[in-house]
Amino acid sequence: MSPAAVDVHPEDTQLEENEERTMIDPVSREDPKFKELVKTLLDWINDVLAEERIIVKQLEEDLYDGQVLQKLLEKLADCKLNVAEVTQSEIGQKQKLQTVLEAVQDLLRPHGWALRWSVDSVHGKNLVSILHLLVALAMHFRAPIRLPERVAVQVVVVRKREGLLHSSHVSEELTTTTEMMTGRFERDAFDTLFDHAPDKLNLVKKFADGVYLVLLMGLLEDYFVPLHNFYLTPDSFDQKALKAFDFSSGELTGVCASELPPGTDVVNLDLKSTLRVLYNLFTKYKDME
């Protein structure tokens with residue numbers, strides 16, 4: 001019943017007494033949900049930084065020195081950090097990284113995010129810490145991506161005691177559910193529906209680009225929606241999100257906006273959010289002839 005043996009690279013065994021190093025178990029690295037999480041975050045970062053001509057290929061190798069994280073945060077938060085643009089020394093890298101992570105902390109901590117990373121762990125190319133950081137940023141800034149739910153990895157912890165290496169396995173949860181990560185904890189009838197018949201709801205995804213919602217609102221409210229006011233065949237997230245956001249925030253007369261999910265959730269193919277919008281429509285117009 002002992003844990004499976006883990007291949008440890010020579011550089012990972014060069015530890016000082018009582019020093020500890022962590023790494024993701026190779027089996028966890030091959031998990032499809034873990035790979036999906038990494039790819040989703042990579043694609044998101046590259047999309048955000050496209051105008052900067054920055055291409056990230058490997059999270060731990062490209063983000064550890066703070067340079068890309070600086071650009072990412074500045075783009076997301078629309079701010080400018082007072083740090084040196086390029087620094088090669090380890091001390092300089094850590095100073096820049098500390099400034100960036102302090103700015104992240106100022107943004108996230110007031111909203112209750114647990115900060116599960118540090119300057120040393122990120123600079124040490126700890127992929128688990130970097131993933132925790134990126135997931136938090138993606139959730140805080142409501143990134144137009146769909147993170148896989150309940151992604152967990154086995155982390156191998158190697159520690160040197162009395163000249164000998166000792167290893168142990170720890171389970172690390174990287175994502176929970178979308179509702180929990182975005183702060184919506186109350187379960188309702190739609191959660192029950194998903195628990196029992198998730199395979200029957202994919203049809204709802206057809207509303208994700210906002211076109212059907214716009215046309216449906218025109219029919220229900222008995223007005224014509226000029227075709228030049230929206231994109232019949234949207235080909236970007238912004239074109240979709242604009243319609244969905246306008247729809248869910250102001251056009252449902254008599255329905256409290258706080259009852260409706262953000263429009264970006266609909267665009268991101270969040271089935272529960274789309275169903276909630278449709279249910280509010282049904283409730284308002286069910287007696288209409």
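Visitor: Is D120 buried or exposed?
Guide: This is a predicted model. In it D120 is exposed, at a relative accessible area of 52%, because the cut-off for that class is over 50%.

Visitor: Which residue forms a salt bridge with D120?
Guide: The partner is K94, and the closest N and O atoms are 3.3 Å apart. D120 belongs to helix α6 (residues 119-123) and K94 to helix α5 (residues 90-108), so the bridge ties together parts 26 residues apart in sequence. K94 is partly exposed, with 26% relative accessibility. Through shared partners, salt bridges join E90, K94 and D120 into one network.

Visitor: How many salt bridges does the whole structure hold?
Guide: The search finds eight. Among them is the pair R29 and E60, at 3.7 Å from N to O. R29 sits in helix α1 (residues 26-29) and E60 in helix α3 (residues 59-63), so this pair links parts 31 residues apart in sequence. R29 is partly exposed at 34%, whereas E60 is buried at 10% relative accessibility.

Visitor: What describes two packed helices?
Guide: The angle between their axes and the distance between the axes. Here, helix α2 (residues 32-48) packs with helix α7 (residues 127-140) at an angle of about 60°, the axes being 11 Å apart. The two are therefore oblique to each other, and their crossing is left-handed.

Visitor: Which residues form a nonpolar patch on the surface?
Guide: L215, F224, L227 and L232 do, with about 420 Å² of accessible area together. L232 is placed in the loop between α10 (211-221) and α11 (237-250), and is partly exposed at 47% relative accessible area.

Key: Residues are numbered from 1 along each chain as its sequence is written. This is a predicted model: local features need pLDDT of at least 70, side-chain atom pairs count only at pLDDT 80 or more; totals for chains, interfaces and linings use all residues. Side-chain values use heavy atoms; hydrogens and water are left out. Patches are made of residues with over 30% relative accessible area and no salt bridge: like charges are joined within 9 Å, nonpolar side chains (Val, Leu, Ile, Met, Phe, Trp, Tyr) within 5 Å. Accessible areas come from the Shrake-Rupley method with a 1.4 Å probe; for residues, only the protein chains shown count as cover. A salt bridge is a side-chain nitrogen of Lys or Arg within 4 Å of a carboxyl oxygen of Asp or Glu. Helices (H or I, at least four residues) and strands (E, at least two) are DSSP runs, numbered from the N terminus. Buried means under 20% relative accessible area, exposed over 50%, partly exposed in between (1.4 Å probe, protein chains only). Axes are lines fitted to C-alpha atoms, for helices over the stretch in contact, and angles run from 0 to 180 degrees between N-to-C directions. Angles under 35 degrees count as roughly parallel, over 145 as roughly antiparallel, 65 to 115 as roughly perpendicular and the rest as oblique. A crossing is left-handed if the near helix is turned anticlockwise from the far one by less than a right angle, and right-handed if clockwise.
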